[in-house]
Amino acid sequence: MIKDKVVIITGASSGIGEAAAKRLAGEGAKVVLGARREDRLKSIADEIVNGGGHAIHRALDVTSRSSNEDIVRLAMDAFGRVDAIFLNAGLMPSSPVSALKTDEWDRMVDVNIKGVLNGVAAVMPTFLKQKSGHILATSSVAGLKAYPGGAVYGGTKWFVRDFMEVLRMESAMEDTNIRTATIYPAAINTELLGTISDRQTADAMKGLYANFGIAPDRIADVVAFALDMPEDTTVNEFTIGPARQPW
């Protein structure tokens, strides 16, 4: 049941995060929105509140441990608990390894890997104390299969896959009742394409997305499905793409 659940969403200023926030708020969840662009967060939160929903926001740098702790504290102060966190913030500046875009490699590791670790570390004490909680994370089809141009991006998403699976196993072993869900989107029409600075890779990806891209709302549907499942039932992995997939 989604109604009245308190859900933190990272990367909530656009794309999948924005779509998930609006979908969950529409189902009665109390959403706590975090991202770098506070002006966008305010606009989204205001839209949700004006529509009768519950939403608060805070500027969030997922690469900062303290920033992640702050948004968990905000949720606790405002709503008294946290039921779920959707770790969705991510970057995709794909390029060939030979292009040596090492600054972009570092940024992907910081956001896509450390951002997930920081989010889990921030919310875990609360989940352990209440002996319940749901951790959802956005991986990618690039976390299931290797693609040219996606060595570093795919590597970060393979990490998310492994980390979330181990987290699920440890939760079962430790009887913490913390559930997990890992989402593997394919070509989703978001702002991620705009982060690709390598022209050849960008052109190829634009062509792929033009033919096969789907709306972020489709991923929001899956997030809602995962959160709506009974507490004693879980599905851990969701792969989402167009009916005709080129991969």
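Me: What separates F159 and F163 in helix α5 (residues 151-174)?

Reply: F159 and F163 are four residues apart in helix α5, and therefore about one helical turn lies between them. A helix here is a DSSP run of H or I with at least four residues, a strand is a run of E with at least two, and both are numbered from the N terminus. The model is predicted, so local features need pLDDT of at least 70 and side-chain atom pairs count only at pLDDT 80 or more, while totals for chains, interfaces and linings use all residues. Residues are numbered from 1 along each chain as its sequence is written, and side-chain values use heavy atoms, with hydrogens and water left out.

Me: How many aromatic pairs does the structure hold, and why is the pair of F159 and F163 called stacked?

Reply: The structure holds one aromatic pair. The rings of F159 and F163 are 5.7 Å apart, centre to centre, with 20 degrees between the planes. Rings of Phe, Tyr and Trp (its six-membered ring) pair if their centres lie within 6.5 Å, and planes under 30 degrees apart count as stacked, over 60 as edge-to-face and the rest as tilted. The pair of F159 and F163 is therefore stacked.

Me: What makes F159 partly exposed?

Reply: F159 has a relative accessibility of 26%. Buried means under 20% relative accessible area, exposed means over 50%, and partly exposed lies in between (1.4 Å probe, protein chains only). F159 therefore counts as partly exposed.

Me: How do you know that N118 and V123 are buried?

Reply: The relative accessible area is 9% for N118 and 0% for V123. N118 is therefore buried, and V123 is therefore buried. Leaving aside neighbours within four places in sequence, N118 is in contact (heavy atoms within 4.5 Å) with V62, T63, S64, R65 and N68. On the same terms, V123 touches V72, V82 and I85.

Me: Why are α3 and α4 called oblique to each other?

Reply: The axes of α3 (residues 65-79) and α4 (residues 102-130) come within 9 Å and cross at roughly 40 degrees. Axes are lines fitted to C-alpha atoms, for helices over the stretch in contact, and angles run from 0 to 180 degrees between N-to-C directions. Angles under 35 degrees count as roughly parallel, over 145 as roughly antiparallel, 65 to 115 as roughly perpendicular and the rest as oblique. The helices α3 and α4 are therefore oblique.

Me: Which residues of α3 and α4 meet, and how do they divide by class?

Reply: R65, N68, E69, V72 and M76 of α3 meet G115, N118, G119, A122, V123 and T126 of α4. These residues divide into four nonpolar, five polar and two charged. Ala, Val, Leu, Ile, Met, Phe, Trp, Tyr, Cys and Pro count as nonpolar, Asp, Glu, Lys and Arg as charged, and the others, Gly among them, as polar.

Me: What makes α1 roughly parallel to α2?

Reply: The axes of α1 (15-26) and α2 (residues 38-50) come within 10 Å and cross at roughly 20 degrees. That angle makes α1 roughly parallel to α2. E18, A21, K22 and A25 of α1 make the contact with R40, I44, E47 and I48 of α2. By class, this contact has four nonpolar, no polar and four charged residues.

Me: Where is G11 placed, and which residues is G11 in contact with?

Reply: G11 lies in the loop between β1 (6-10) and α1. Leaving aside neighbours within four places in sequence, G11 is in contact with G17, E18, G34, A35, N88 and A89.
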